[in-house]
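User: Please go through the assignments for this structure and set each one against the definition behind it.

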Amino acid sequence: MPSAAAATKLDLYAANRSEYITPKKPVLIQTRPAVYLTINGAGEPGNAVFQAAIGALYAVAFTIKMTNKFAGRDYKVCGLEGLWWGSSTESFMDAPRESWQWKLLIRTPDFITREELTQTIEKLRQKGKPAEVSQVKLETLDEGRSIQVLHVGPYSEEPKTIAAMAEFATAHGLSNHGRHHEIYLSDPRRSKPEKLRTILRQPVR
């Protein structure tokens, strides 16, 4: 029998199920404003800076989660997401990977406060955690209407799926209004490239 605490653990994915659908072909969805722990960076994904950013983001996310669990407000830590863009008007996919800009995200309950984040960062730094934890911020993302589709396969093959999203937008008289958003359903350390599952989202208007 599950405990009462387990039964009441907040699952943001389940609570916002319509925002995490995985259609094989592009569809329109409506998202609501959401709170995220974020960290910004630039350069090729997977390099040392990128990995350090992921480590810092998760260190903050799990520390805040445990603080709230002890206070009686337990929730599941969400998976990694990312916003991607280039330094010019061209698609970031057409630019050199070392010039890519990114913002890594972990969705978090809206009862988490900036004061709590500040206290968490101070605690982690006192414990000797890397300086990158100080770069983590709390932000609200309001993407609204978006095109969404599931990409299955290597990240390098995403341009094909993004092209299908662009065709869908054109067919429906829509234009991009926001940054390319990826929601990672697979761990690349544990999944073969051809098995990777990634939700691609593009806000539109």
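Analyst: Two strands pair if DSSP finds at least two bridges between them; helices (H or I, at least four residues) and strands (E, at least two) are DSSP runs, numbered from the N terminus. This is a predicted model, in which local features need pLDDT of at least 70, side-chain atom pairs count only at pLDDT 80 or more, and totals for chains, interfaces and linings use all residues. Residues are numbered from 1 along each chain as its sequence is written, and side-chain values use heavy atoms, with hydrogens and water left out.

User: What makes β3 and β4 a pair?

Analyst: Six bridges join β3 to β4 (residues 101-107), and the two strands run antiparallel. Within β4, Q101 is the bridge partner of W85. Strand β3 is also joined to β7 (residues 180-184) by four bridges, again antiparallel, and I183 in β7 is the bridge partner of E81.

User: Why is β3 called largely enclosed by the rest of the structure?

Analyst: Buried means under 20% relative accessible area, exposed over 50%, and partly exposed in between (1.4 Å probe, protein chains only). Six of the six residues of β3 (residues 80-85) are buried, so the strand is largely enclosed. L80, G82 and W84 point one way, E81, L83 and W85 the other way, and all are buried. In a regular strand the side chains alternate between the two faces of the sheet.

User: What makes the largest nonpolar core a core, and how many residues has it?

Analyst: A nonpolar core is a set of buried Ala, Val, Leu, Ile, Met, Phe, Trp, Tyr and Cys residues joined through side-chain atoms within 4.5 Å. The largest one has 30 residues, and L37, L57, V60, L104, L117 and V136 have the most contacts inside it. At least two of its residues come from each of β2 (34-42), α3 (48-70), β3, β4 and α4 (114-126), and α3 gives the most, with eight residues. A second, separate core of nine residues includes Y20, W85, L150 and I183.

User: How do you know that the buried residues of α5 line one face of the helix?

Analyst: The arc is that of the directions from the helix axis to the C-beta atoms. In α5 (residues 158-171), the buried residues are E158, T161, M165, F168 and A169. They fall within an arc of 100 degrees, so they line one face. The face turned away from the buried side carries the exposed residues K160, E167, T170 and A171. Contact means heavy atoms within 4.5 Å; the buried residues of α5 pack against β1 (27-30), β6 (145-152), β7 and β8 (197-203).

User: How do you know that the span of α4 agrees with its number of residues?

Analyst: The expected span of a helix is 1.5 Å times one less than its number of residues. The 13 residues of α4 should span 18 Å, and the end C-alpha atoms are 18 Å apart, which agrees. In α4, E116, L117, T120, I121 and L124 are buried. These buried residues fall within an arc of 135 degrees, so they too line one face of their helix. They pack against β2, α3 and β5 (137-141).

User: What is the pLDDT over residues 1-6?

Analyst: pLDDT is the predictor's confidence in each residue, from 0 to 100. It stays under 50 over residues 1-6, for which the model has zero contacts beyond four places in sequence. Where pLDDT is low, the predicted coordinates should not be read in detail. For the protein, the mean pLDDT is 94, and 95% of residues reach 70 or more.
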